[in-house]
Every structure is written in C-alpha cells, then in structure tokens.
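Here are a few friendly notes to read with the model open beside you. Take the points one at a time and find each part on the screen as you go.

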Amino acid sequence: MMKKGSFLGLALALGAVLVMTACSKQEAAAPAAATAVSDAPVTLTVWCWDPNFNVYAMNEAAKIYQREKPNVTVNVLDITDIEQKITTALSAGEMADLPDIVLNQDNSIQRFVQTYPDAYLPLNGKVDLSKFAEFKLDVGVYEGKNYGVPFDNGATATFLRRDIVEQAGFQVSDFNDITWERFIELGQVVKRETGVAMVSTVAGSSDFIMLMLQSAGKWFFDDEGKVTIKDNPAVVEAIKTYKALVDSGVLLQAADWNAYIATLNNGTTASTIQGCWIIGSITPATDQAGKWAVVNTPRFANVDSVNYSSQGGSGWMVFSSSKHPDIAMDLLNKTFAGSTELYETILPSSGAIGTWLPAADSPVYSEPHAFFGGQKIYEDLVDYASKVPRVKYGVFNYEARDVVGRAAAAVLQGASIDAALDEAQKYLEFQIAE
Amino acid sequence: MGRVKLERKYAVWGWLFVAPASLMIFILSFFPMIQAFILSLQSGRGNNLRFAGMRNYLRLLEDEQFRAAVCNVFTYLIIQVPIMLILALILATILNEQTLKLKGLFRTLVFLPCVAGLVSAATIFKSIFSIDGLVNIMLLKLHIITSPVSFLSDPVWAKAVIIIVITWRWTGYNTIFYLAGFQTIETSIYEAARIDGANAAQQFFKITMPLLRPVILLTTIMSTNGTLQIFDEVRTITGTSGGPGNATLTISQYIYNLSFLYSPQFGYAAAASYTILFMVAVLSFIQMKIGDKE
C-alpha cells in the first residue's frame, strides 16, 4: 500500500515536469534541420485562408512548379485568424511553427514588416517584380525593399443588377463614369421605382470611406506617416458622401458580412461597390445568371479623383525562418510572377484576377462572362486596375480605419463633421505616438 | 509519539499530492501573471520593448478608447448584474417551491442556456435583432413600428442587446447556485416562521435572503468578474471595433485589438489587463466588506 502510494505521488510530480520539458525540447530541436540540397525532397508550407480562392490558386501554382522541380511538395493550409497566429508566434520569438510562405492582406504588409523587421525576407533580386501593377507593388514596400508578391487584384467596380436598373428606366451605361452625387440621384429613382436599395455595405465598416479615399489618391496618412484626417478634403468629402448615401436611403446597412452577401444573393440590393474579388460571392446565385453587369466606381464631384480604386487584395510573403527560402522565392518567381498558365487556370474557375500584367494579354482574360450577360468583365477589371491611384497604407492602417469608422458613426448620429474629424485626428495621433 | 508521526506522514503526503497541481498553477498561471506585470512596465511595438515604468498606466488614463471601454463595461455591470441576480433569485424561489410539478423539466430548461456556447448564443441574438430579424418582424406585424429598427447600429440599443444576451446566457447558471443555497436552509426555520405568522414576503426577506447571503456574495463577485472581462459576446455581435462608434467596446476587446489587430503594443495591452485585475480586486473587496458581516 505504502509503496504504491509513494510511486503514484512521485509519478505525478515527475509527469508534470516531464510534460513541460518534453514540449520545450521539441521546439528547440526543430530549427536544427539541415538545409536541403537541390534534389533532396523539400516540403514548403504555405498559409492562406480561402479554399475556393487562394488555397486553390497556390495548389495550382504548386502543380506547375512541380513539373520543373518534382522534389518540391507544397503543403497549402487553410488557416483562420492568420494575422493573430503570426503576431503571437513572432512576438514569442517562436518562428519554428511558421510556414515558409504566407498570404498577407495588402493593408497590413507594412505593419508586419515594420513591427517584425527580421521576420520577413526581401524579395528583390529573387523574384521578378517588374511586371506587376504598380499600386499593388507599393503596398508591399518597406524602406525601399519589396516584401510582397502581389496576388489577387483589389480593383473596385460597381457590380450592378442589369434587370433592376432597367426596370427603373436606366441603362447600365448610365452608371459608368459618374460621380457619387449622380449615383445617389440614380439610386433614389431606383429605390422609388423598384423598392430595392441601390447598394449595400456592412454597418459600421469603413470600406466605402477607404475606397473613396484611394480613388482620390489620398489616405489617412501622408508620405511621412503623419496623420492627415482633419484638414484632408478627401476625408471630409468621403464622410459627407457616406452620410448622404445613408440619409438618402440609397445605402442599405447589413448587420455583418454574411448579411451583406445575402443582400447581393437574394436581390435586396441593386448593386455593390467592392473589390473585384466579390465576384466569387456574387456568381454562386445561379438564378441571377445573366442579370449582372460591371461598371467603374463613382468618383467625387468636388475633390480631384478618378473612377478607379482598390479594396482588399493580398500578397505572398516569405518568412526568414524558412529552411528553404530560395526554393520558396523560386516557387513564387516561376508561378505568380512568371506563369501565364497559372493565371489562365485560376481565373475561370475561381475568378482570381491577378495583377501580373503579362497575364492580361492571355485570351482567357478577354472571354465573355455569361453570368455578367456576356460582358468581357476581366478585360474591364484589368483595365480598371491599371488606373488605380497609388497610396501608402502605412503601419497604422487598422487604427486609422477604426478611428475614422467611429467618426463616421458619430456623424451619422448627428455630430458635426469638423468636430468628429478633429477628434479622430487627435485620437489617432495619440494612439500612434510612441 | 505514534500520533505525531502519523500526522507528520499525513502532512508530507498531503503536500506531495498537492504539489504537482500547485506547481502547474504556479508555472501556468502565477508565473505568466508576474511576467505580464513586468511586460506592463515596458512600452514599444512588436518586440522592440523598452522599460517605461508607469508610463503605460498613465497613458491609459488619457486614452479615450480605454475610457470608453471602461464606461461601457461598468454600464453593463451596473445594469446587467442586478437584473440577472434578481431574476435568478426569483427563478430559484419558484423552482424551489414544494408544490411545483415537473420540477426536473423546469430546472433543466432554466439551466439550458448555459450549455450554449457563448459565440453561438451571441450569433443567434445578433440575427434575432438584425434589421430583418425576428424582433423587427414581430414589431412590424404588431404595428408598433413602421420601419425596421437597426438595433445594432444604435449606441443605446446595441448595448441593450448585449445586456439581453448576457442575461439570457448566465441567469440559469446563477439560479443553480441559489437553488443549491436553498437546500442548505433548514425547512424547520420556515415552519417556525409560519407558526409565528410570517407571510411569504416576510419569509423571503427575513429568512431566505440573510441565510443566502454567502451565495449571493459569491454570485455577485463571480458576475462582476465575468462582466469586467466580457469579450466573446461583444466581439460576435458588434465586431472587433465594438461599434457603433465606441458604444459597445469592452476592455478585453481593446486589449485584443492592441495586441492582435493594431500595430502590437503588448506592454500597453498588459497594463490594460492589469487594470481589470485591479478593478476586480477593488470591487470584490467592497462587496466582501458589505456582504460578509462575519
């Protein structure tokens, strides 16, 4: 009895200690693995997040790369909360579990590189970045070096229900090359004639404000990173326009992302103004086939701006902890930065429109799209992408987005624009101060 | 002599059995707490941290977003905790009634919301209160409103929805504590009271409440603690920004945003976490002073 008891107590105490040392040992041993020789089997791990979109695209890229380098296996993982996971790993200094390649939202590439300068590898000289649309490359530049290989295009467009606007007595072309004022006028008629809201968005999101700003080539920060909210005519105009959209009843505010997608699929809205990746969420509503059309984005009437902008989009980055950084970069160079075939494969099946310019010459891009009534939408979208003004999102993009979102909410509740933006400017300055 | 030896043996064995768990608690809970405190004295972004003394704490006092979060959390606390605990007490009294039929069924029903995941519960309430949700449809059908109300984009209503969710989710949980508390009260006390001519209200306020005091204290401290740390429900219903404006933002949400959404400031976030600890400690102390007369 005694013996048994003492053994149990000891085992418990030892067990606890063992479990902990075992864990830490494993992690310590991992980075010691040898660097691969050219023909030895190599496995690259890639993190991204959408099985029908970027996971699919990376798997197709892997297939193409494997024809040349059969020894390379690419393990593409569908990861949720990707930014949180990376932040945790990098902050803990525990890079062993990170992948070789990660897909990063355009608007946070600079934040990650600035915060963790040694965690990512510059791609200059290893990946040919000369043939991408410039505005997409810019978002991945930090201190003159490129850290992102542009993937999907975020060029915005107005995706329009042809049948609904025609029912209201308009043509699709009436919505092309217009100002927001005109858009609101048209929207009010559409609402009156058909009972359908002109456009929808997620309540409380700053998406509209941000796409309006980029259409004017302006952002919440100037080139030196100083906050420019208060006296920025583009921000003032964007908030004014946003309020007008809401007050006129033209803009329907959905509770969340899923509700927003539902407004597109169940016909409660006549259009959406969004990055062109939204096509992937529009086309599953097969009962609406042939009823959609694409025109460009509205612009400001009073502030210098164009009918083109960008929203979302992402790029591939390579971690410095990769055991095969050269192979990882070679993979990106030969596929996303060098294979027309890849873009020809992923475009028709997933709607992933790249910003690698040579791909746009492919005949696949000029094929009519039946869902959009035979319009050659990819040709149009690539054309829009080439005209998107360049802006520098900077390191504090999410902070700015939330602060301005709050200012917009206050204005919708009746606060004056000047007061709200004044407060936003002050608070953002406070928040980004060291 | 033999007795002392036996006691000694007991003590040694007792410590040995407690040791593994204590060690784990120390390593997994107390050690990180100490580290977090050290972290809260450092400032900087990402891993570029420098010692900053109390600067983070002073900065929190000036931070509007933090102030808004503290105000919101206290609004939830002051409105929600009393409502929930009174409801729980009423439910427990009804469920404890000797004459009540199907007691098992009702007890299960009252406790059932507690089994629901926080996020699922919040998601369901979000859809109920959405612009085309159940509440709007009902109010429209009853002609109480003429056009749908956007509950979640109104600062007051959004808070109300969150209070409703927490109350729905946690009332049953507290009811069970009170029910358990009732079982410790001797029925003979009530019998004596009845013989002395006390009515139901008198029995409740003069017997039940005082005898239940330790349980009420426990539930109050637990609820206060839980509400100060609330995250899941608000994150689900109004998203990371805690909108509209700052109207529903909580301290935990702000800590999360500082660490994972914004350019990471772990020192500052740790300081914000420590303010929750401080608030919980102070509130619990006050409640214990008021509630526990022994």
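This is a predicted model: local features need pLDDT of at least 70, side-chain atom pairs count only at pLDDT 80 or more; totals for chains, interfaces and linings use all residues.

1. Helix α7 (residues 180–194) and helix α9 (residues 233–247) of chain A pack at an angle of about 5°, with their axes 10 Å apart. Axes here are lines fitted to C-alpha atoms, for helices over the stretch in contact, and angles run from 0 to 180 degrees between N-to-C directions. Helices (H or I, at least four residues) and strands (E, at least two) are DSSP runs, numbered from the N terminus. Because angles under 35 degrees count as roughly parallel, α7(A) and α9(A) are roughly parallel to each other.

2. Which residues meet between α7(A) and α9(A)? From α7(A) come A:Trp180, A:Glu181, A:Phe183 and A:Ile184, and from α9(A) come A:Glu237, A:Thr241, A:Ala244 and A:Leu245. Contact means heavy atoms within 4.5 Å. This contact has 5 nonpolar, 1 polar and 2 charged residues. Ala, Val, Leu, Ile, Met, Phe, Trp, Tyr, Cys and Pro count as nonpolar, Asp, Glu, Lys and Arg as charged, and the others, Gly among them, as polar.

3. Next, look at where chain A touches chain B. The contact takes 35 residues from chain A and 37 residues from chain B. Together the chains bury about 3,300 Å², 57% of it on carbon and sulfur atoms; buried area is the accessible area (1.4 Å probe) that two parts lose on being put together, summed over both.

4. How many salt bridges cross the interface of chain A and chain B? The rule finds 0 there, taking a salt bridge as a side-chain nitrogen of Lys or Arg within 4 Å of a carboxyl oxygen of Asp or Glu. Over all chains, the structure holds 18 salt bridges.

5. One salt bridge to find joins the side chains of A:Lys136 and A:Asp106 (2.8 Å, N to O). A:Lys136 lies in helix α5 (residues 134–138) of chain A and A:Asp106 in the loop between β3 (101–105) and α4 of chain A, so the pair ties together parts 30 residues apart in sequence.

6. A word on conventions. Residues are numbered from 1 along each chain as its sequence is written, and chains are lettered from A in the order in which they are written.

Technical notes: Side-chain values use heavy atoms; hydrogens and water are left out. Angles under 35 degrees count as roughly parallel, over 145 as roughly antiparallel, 65 to 115 as roughly perpendicular and the rest as oblique.
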